[in-house]
Amino acid sequence: MSSLVIQTSFLGDVVLTTPLLAELASRGPVDIVVTPAAAPLLANHPAVRDVIVFDKRGADNGAGGLWRFSRKLRTRADGTPREVSTAFLAQGSTRSAVLAMLAGVRERVGFATSAGRLLYTRRSRYRADRHHAERLWRLAAGDDVADPAAEVIRPRLYPGEKERASINALLKDVPRDGAPLLALAPGSIWGTKRWPHFPALASRLAPLYRLVVVGGANDDALAAEIARAAGPERVVNATGKFSLLASTELLSRCAGLVTNDSAPQHLASAAGTPTLAIFGPTVPAFGFGPLAPRSATTGNESLSCRPCDSHGPNACPLGHWKCMKELDVEQVSRALNSLLLP
């Protein structure tokens, strides 16, 4: 019998689910339900048998879509029955729990605090004081097992030959002047999570590093600002050009990453790249900080209004946005030097 993981949340959450997948794979086959955007992340992953795409905002939307998808879940692509012993509700909505029930999975495991908890057959304690990767891992490992080693809960992704080739093509014309590559991730889908001083930081770092700007297509304007500040000859713009797995491969070739509290920090954790994460309206204590073997976080610790939101609103509730505006380049530079030049 196989396990089924349902994780249809943000991309970073999918990355943080990989320690749970590895734990379950030690017991038998593992299938996972994810969104169309997240599915490519798990290509080549040795812990996953089937990646099942659930288009919850498109073709599979609504009660009818949920019913049809649950029927599809019962059968694998080769026509054989998908025999699932337990569903792990890594995304804790009621919809996810109903999906598992409609698919005929009798044992359903999720957090005791989740919206869908009344439909679970076993509820796991949500430990707010632990990293979310550990919280997810404990859905399978159990509430009372000993604290895991850091490597057990570090996420893993597996870029393939296609991803390596695409990054080789990107870097082939970058001058080999001995300057290490340093990645910058200035974007976030949440407006208040975007530290506004990346261009000034880039200007300071440019003499020492070849800067690589990573992110989505929406971050291209931010990359252009960084290139203007640091000099275009010192900056490689990789925003919107690569898949998530290829971006992970790119990060694996960098000496470090400076990032907002956003998905690139989790890709870097999976790549093992030293990471400095900048926190503004959110804080690492929420359990979503970097898990790279060498990592650090920084933020404006003087404000009583932090944290103000579990995700980070698009506008500061108080109108001043001091958590990011007043976090200066000097502080971030010191933190980066301490991380990369201990």
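Which backbone oxygen does the side chain of threonine 17 reach? The side chain reaches the backbone oxygen of aspartate 13, at 2.7 Å.

## Ground rules

This is a predicted model, where local features need pLDDT of at least 70 and side-chain atom pairs count only at pLDDT 80 or more, while totals for chains, interfaces and linings use all residues. Residues are numbered from 1 along each chain as its sequence is written, and side-chain values use heavy atoms, with hydrogens and water left out.

## Threonine 17

Threonine 17 sits in the loop between helix 1 and helix 2; helices (H or I, at least four residues) and strands (E, at least two) are DSSP runs, numbered from the N terminus. With a relative accessibility of 0%, threonine 17 is buried, where buried means under 20% relative accessible area, exposed over 50% and partly exposed in between (1.4 Å probe, protein chains only).

Leaving out residues up to four places away in sequence, threonine 17 touches Val5, Gln7, Ala90 and Leu136. A contact here is heavy atoms within 4.5 Å.

## Helix 5 and its cover

After the helix comes glycine 142, with a positive phi near 110°.

Strand 5 has 4 of its 5 residues buried. Strand 4 pairs with it in the parallel sense over 3 bridges; for strands to count as paired, DSSP has to find at least two bridges between them. Phenylalanine 88 is opposite valine 109 of strand 5, and the bridge partner of valine 109 in strand 6 is arginine 122. Strands 5 and 6 run parallel, joined by 3 bridges.

Strand 4, helix 4 (residues 94–102) and strand 5 form a right-handed β-α-β unit. Right-handed means that, with the strands pointing away from the viewer, the path from the first strand over the helix to the second runs clockwise.

## Nonpolar cores

A nonpolar core is a set of buried Ala, Val, Leu, Ile, Met, Phe, Trp, Tyr and Cys residues joined through side-chain atoms within 4.5 Å. The largest one has 49 residues, of which Val5, Leu21, Phe88 and Leu250 touch the most other members. Helix 5 gives the largest share of this core, 6 residues. Another core, of 30 residues, lies apart from it, and includes Ala202, Val213, Ala230 and Leu303.

Leucine 21 touches Val5, Val30, Ile32, Leu42, Ala47 and Val48, again not counting residues up to four places away in sequence.

An open sheet of 6 strands runs in the order 9-8-7-10-11-12, with parallel pairing. Strand 9 (235–237) and strand 12 (295–299) are at the edges with a single partner strand each, so one side of each has no neighbour in the sheet. From one strand to the next, the twist averages 20°. Strand 11 (residues 275–279) pairs with strand 12 over 5 bridges, and leucine 276 has alanine 296 as its bridge partner in strand 12.

## Serine 188

Serine 188 lies in the loop between strand 7 (181–185) and helix 8 (198–205). Is serine 188 buried or exposed? Serine 188 is buried, at a relative accessible area of 11%. Its side chain reaches the backbone nitrogen of tryptophan 190 at 3.1 Å. Beyond four places in sequence, serine 188 touches Lys193, Arg194, Asp219, Asp261 and Ser262.

Note on methods
Polar contact = N/O pair within 3.5 Å; in protein donor to acceptor, adjacent residues only side chain to side chain. Axes fitted to C-alpha atoms, helices over the stretch in contact; angles between N-to-C directions.
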